[in-house]
Amino acid sequence: MFARLSRYASLALTVFVLSVWLPQLHGTLFAYPFGKTQMFYSPVIEQFIYSELIGEGHQFIYRDEDGRDYSQREFQELIPFIYYKNMEIWGKLPLKLSGQSFDKKAIKADRQVLELKPTELTGNSPRIQLFPLLESNPGKARLSFPENVFRPDSNLTFINSDENRRDPKLTQRFGSALADKGFAFPPQRTFGRVSILKAFDAGYFLTDQKGKLFHLMKVNGAPKVKNVPLPEGIKIRHISVTETKARKILGLVLDQNGKVYLMHYGSYKLTELALPGFDADSMELKIIFNPLYRTAIYSDTETIHAVVMDRSFQPIRHHQRKMAMANPRVSETVWKFLTPFALPLQNENSRYLSLWPQFNGWPGLGGNLIALALAFALLYLKQKKVRIKYSLFDYILVAFTGLYGLIAIILLPADRIMEQNETNNDLALEE
């Protein structure tokens, strides 16, 4: 009895390991290596255009929404604000569009890209709660990291990272500055960009215990705190801070209802963006600025959306299409037929490890039936050696786990247990 239980446990462990590592092996061998469809809005033809790889011949296409094809150079000429350096080389500057003229300086002055990815959201990305508060007025060309970091605990504790000890003076000084502005401790969330490779330092945004938003900076060594007014009903989920030379847009704000806002530099004004079908937990968002339009592009693993807006962020048009990478491939179809489920170690929209099962639906049931038939055939050949009671668990296992279970019973056959039991019986009779 103990031998059978030991085998059952070994079979279950084998199935578990196979359901984790076989899908990873399949993903490595048959991964789609060419990324997502790239979509833009062309100010030249006033249409959405895209580039992607199609078919098995590894051929890139450059096409507009009406299905017209272009060469790579023609495609770049349709989005001249993005490829303005090529336009300069090809002698196409200044650009003449919509009755206006744009030289290199004008194009560079109005270029900006904002991004928001699911892996950046609070809860999707591990982050040690220690934040360096940079000097926002460094008095020199480049920013530098300070020797102190702060921890957003009950007192916003500052720690000297060189000596690994609390700095009570800084803790009291910055804590009092926040409290004087009405900050209710402890902080709930902290948002900022930890880097010195940026045009300037905007400090950090903190939400307090009541959900109010505050902006904290260090200017000339002293704390600078501002209350950030929020429109009625907005509760902050995430802020993606962007610090560029233009100093027009400070970042993207995501609220608890999944709506996205632009935060304007200086005034903290929030402008809501109309993004039909956007889901922050599964879609990557990119907003491209140019002198004529603002274009929001967002996609998951199947569909890409694009919304073109005027300079006031009023939507003009919305376009969506299924990406080539979402089209069924032979390897994926066969794999889903062979395996009923997988246990991935990681969700592509999170940086945390996970073991949530992914089921392959009805195709996997067909694979289970074939695996069960093979198990019957395999065990039937051994029925003279192994009684049916030793095979019943095997049939049940294969019926539910398909290919994983079939491999497991091949690696751990029941006849070994039978032989061991017979040996034990013989020893008992001899005694």
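Colleague: Over how many bridges do β1 and strand β2 pair in this model?

Modeller: This is a predicted model, and in it strand β2 covers residues 47–54. The pairing of β1 with β2 is in the antiparallel sense, and the number of bridges is five.

Colleague: Which strands stand at the edges of the open sheet of three strands?

Modeller: The sheet is open, with antiparallel pairing and the order β1-β2-β3. Each edge strand has a single partner strand, so one of its sides is left without a neighbour in the sheet. The strands at the edges are β1 (38–42) and β3 (59–64).

Colleague: By what angle are neighbouring strands of this sheet turned against each other on average?

Modeller: The strands concerned follow the order β1-β2-β3. With direction ignored, the average angle between neighbours in this sheet is 20°.

Colleague: Which helix supplies the largest share of the nonpolar patch on the surface?

Modeller: The patch is formed by Val-330, Val-334, Phe-337, Leu-338, Ile-370 and Leu-374, which together have about 520 Å² of accessible area. Two helices, α6 (330–338) and α7 (362–380), each supply at least two of the residues. The largest share amounts to four residues, and the helix that supplies it is α6.

Colleague: Is Leu-338 buried, partly exposed or exposed?

Modeller: Leu-338 is found in helix α6 and is one of the residues that form the nonpolar patch. Its relative accessible area is 34%. Buried means under 20% and exposed means over 50%, so Leu-338 counts as partly exposed.

Definitions and conventions
Residues are numbered from 1 along each chain as its sequence is written. This is a predicted model: local features need pLDDT of at least 70, side-chain atom pairs count only at pLDDT 80 or more; totals for chains, interfaces and linings use all residues. Side-chain values use heavy atoms; hydrogens and water are left out. Two strands pair if DSSP finds at least two bridges between them. Axes are lines fitted to C-alpha atoms, for helices over the stretch in contact, and angles run from 0 to 180 degrees between N-to-C directions. Patches are made of residues with over 30% relative accessible area and no salt bridge: like charges are joined within 9 Å, nonpolar side chains (Val, Leu, Ile, Met, Phe, Trp, Tyr) within 5 Å. Accessible areas come from the Shrake-Rupley method with a 1.4 Å probe; for residues, only the protein chains shown count as cover. A salt bridge is a side-chain nitrogen of Lys or Arg within 4 Å of a carboxyl oxygen of Asp or Glu. Buried means under 20% relative accessible area, exposed over 50%, partly exposed in between (1.4 Å probe, protein chains only).
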